[in-house]
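Work through the exercises below with the model open beside you. Try each task before reading its solution.

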Amino acid sequence: MVAEGDGVPVAVPDPRRRRPGRGAWLHPDPACLRLAERRRAFPRALRVRGSLDTSAVHEHVGTGQPQHAAHDRTDAGSVPRQAAEGKQVDPS
């Protein structure tokens, strides 16, 4: 993704890596997107001051909702992510 715009910068998905400007990588996973927003990683990685509109990234990842929307149980930590996805976890 890259940051575009003069007023409030907008994070724009750039899957083909063709847009000009400083870019940042993100797994196309809603949990990774929420974690990056919670850590305020996008403004830091893209070197943008202030807030950054990530609605276009939410649409691209498939969440369709900004961070302040309701969280699923895996984000709250009550169910491990691997268990929620039905993957086997090695106990060792």
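## Exercise 1: Two loop arginines

Arg47 sits in the loop between H2 and helix H3 (55–61). Helices here are DSSP runs of H or I with at least four residues, numbered from the N terminus. This is a predicted model, where local features need pLDDT of at least 70, side-chain atom pairs count only at pLDDT 80 or more, and totals for chains, interfaces and linings use all residues. Residues are numbered from 1 along each chain as its sequence is written, and side-chain values use heavy atoms, leaving out hydrogens and water.

**Solution.** 
- The classes are buried under 20%, exposed over 50% and partly exposed in between, with a 1.4 Å probe and protein chains only.
- Step three: turn to Arg40, in the loop between H1 and helix H2 (41–46). Phi of Arg40 is also positive, near 55 degrees, in a residue other than glycine.
- Step four: Arg40 has a relative accessible area of 63%, so Arg40 is exposed.

## Exercise 2: Inside the protein

**Task.** List the residues of the largest nonpolar core.

**Solution.** 
- A nonpolar core is a set of buried Ala, Val, Leu, Ile, Met, Phe, Trp, Tyr and Cys residues joined through side-chain atoms within 4.5 Å.
- Step two: the largest one has eleven residues, namely Met1, Ala11, Ala24, Leu33, Ala36, Phe42, Leu46, Val48, Leu52, Val57 and Val61.
- Step three: H1, H2 and H3 each supply at least two residues of this core.
- Step four: look at helix H1 (residues 30–38). Its buried residues are Cys32, Leu33, Arg34, Ala36 and Glu37.
- Step five: follow Leu46. Setting aside neighbours within four places in sequence, Leu46 is in contact (heavy atoms within 4.5 Å) with Met1, Val2, Ala3, Arg22, Gly23, Ala24 and Leu52.

## Exercise 3: Thr54 and Ala56

**Task.** Which side chain makes a polar contact with that of Thr54, and which residues does Ala56 touch?

**Solution.** 
- Step two: the side chains of Thr54 and Glu37 are joined by a polar contact of 2.5 Å. Such a contact is a pair of N or O atoms within 3.5 Å; within protein, one must be able to donate a hydrogen and the other to accept it, and residues adjacent in sequence count only if both atoms are side-chain atoms.
- Step three: beyond four places in sequence, Thr54 touches Ala11, Glu37 and Phe42.
- Step four: Ala56 is in helix H3. With a relative accessible area of 27%, Ala56 is partly exposed.
- Step five: not counting residues up to four places away in sequence, Ala56 touches Ala11 and Pro13. Ala56 and Val10 lie 46 residues apart in sequence but 7.8 Å apart in space, C-alpha to C-alpha.

## Exercise 4: Confidence

**Task.** What is the mean pLDDT of the protein, and where is the pLDDT below 50?

**Solution.** 
- Step one: pLDDT is the predictor's confidence in each residue, from 0 to 100. The mean is 77, and 73% of residues reach 70 or more.
- Step two: the pLDDT is below 50 over residues 67–79. Beyond near neighbours in sequence, this stretch has 15 contacts in the model.
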